[in-house]
Amino acid sequence: TVSKKWKGGAMIYLIQPLFYKSDLKKMIQEYLKRSYPNHYLTTSQHVNFPIPNHINLFFVIYDSRLEDWDGIQQSKAIRSRPNGYLDHIILVSNQLNYAAFFRTHLRFLGIISSEELDKNEIMQYIDEYLSYQHKNR
């Protein structure tokens, strides 16, 4: 288990459209506050801001109903930044078209349903990520 006092470079991001309605943000924030109080969630609608060159965890919203938002393009922007090939990306999608997502060659760590958010699955991704960060600091 990860030390609660560890203040390494682990960063967790939620990339989503502005005013997007989802319980994901609240789920992640509550879990971090309860289990990893020294880690925080950064929420943004784009990835063109300074991101530390650590291995980061990104939850990226992909909603096929939104014409002006493309979570796949956001994921490509993450992968194209320096050291972005090391980042962990979880695609949170309203459609689970695994073949199409695989063909993007973006190497998603996971693809989860935005329609049926599984709190345990989300917590497991965070636990594994922070455990990995702790072992490799």
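Strand 3 is mostly covered in this predicted model, with 6 of its 6 residues buried (buried means under 20% relative accessible area, exposed over 50% and partly exposed in between, with a 1.4 Å probe and protein chains only). Helices (H or I, at least four residues) and strands (E, at least two) are DSSP runs, numbered from the N terminus. From strand 3, Leu57, Phe59 and Ile61 point one way, while Phe58, Val60 and Tyr62 point the other way, and all are buried. A word on conventions: residues are numbered from 1 along each chain as its sequence is written, and side-chain values use heavy atoms, with hydrogens and water left out. As the model is predicted, local features need pLDDT of at least 70 and side-chain atom pairs count only at pLDDT 80 or more, whereas totals for chains, interfaces and linings use all residues.

The neighbours of strand 3 come next. Strand 3 pairs with strand 1 in the parallel sense over 4 bridges (two strands pair if DSSP finds at least two bridges between them), and Tyr13 has Phe58 of strand 3 as its bridge partner. Strand 3 and strand 4 also run parallel, joined by 6 bridges, with Phe58 standing opposite Ile89 in strand 4. Between strand 3 and strand 4 the chain passes through helix 2, and this β-α-β crossover is right-handed (with the strands pointing away from the viewer, the path from the first strand over the helix to the second runs clockwise). Strand 4 in turn pairs with strand 5, in the parallel sense, over 4 bridges.

In general, nonpolar side chains in soluble globular proteins tend to be buried together. Here the largest nonpolar core has 38 residues, and Ile12, Phe59 and Ile126 have the most contacts inside it (such a core is a set of buried Ala, Val, Leu, Ile, Met, Phe, Trp, Tyr and Cys residues joined through side-chain atoms within 4.5 Å). Two or more residues each come from strand 1 (12–15), helix 1 (24–35), strand 3 (57–62), helix 2 (71–80), strand 4 (88–93), strand 5 (110–113) and helix 4 (119–135). Leaving aside neighbours within four places in sequence, the contacts of Phe59 include Ile12, Leu24, Ile28, Ile90, Val92, Ile122 and Ile126 (contact means heavy atoms within 4.5 Å).

Rings of Phe, Tyr and Trp (its six-membered ring) pair if their centres lie within 6.5 Å; planes under 30 degrees apart count as stacked, over 60 as edge-to-face and the rest as tilted. By this rule the count comes to 4 aromatic pairs. The rings of Tyr31 and Tyr36 have centres 5.9 Å apart and planes at 75°, so this pair is edge-to-face. Phe101 and Phe108 also form an edge-to-face pair, at 6.4 Å centre to centre and 75° between the planes. Phe101 is buried at 6% relative accessibility, and Phe108 counts as buried at 15%. Ring pairs link Tyr62, Phe101 and Phe108 into a cluster.

Ser113, at 16% relative accessibility, counts as buried, and Ser113 is the bridge partner of Ser93. The side chain of Ser113 reaches the backbone nitrogen of Glu115 at 3.1 Å, and a polar atom of this side chain lies 3.1 Å from the backbone nitrogen of Glu116.

How values were computed
Polar contact = N/O pair within 3.5 Å; in protein donor to acceptor, adjacent residues only side chain to side chain.
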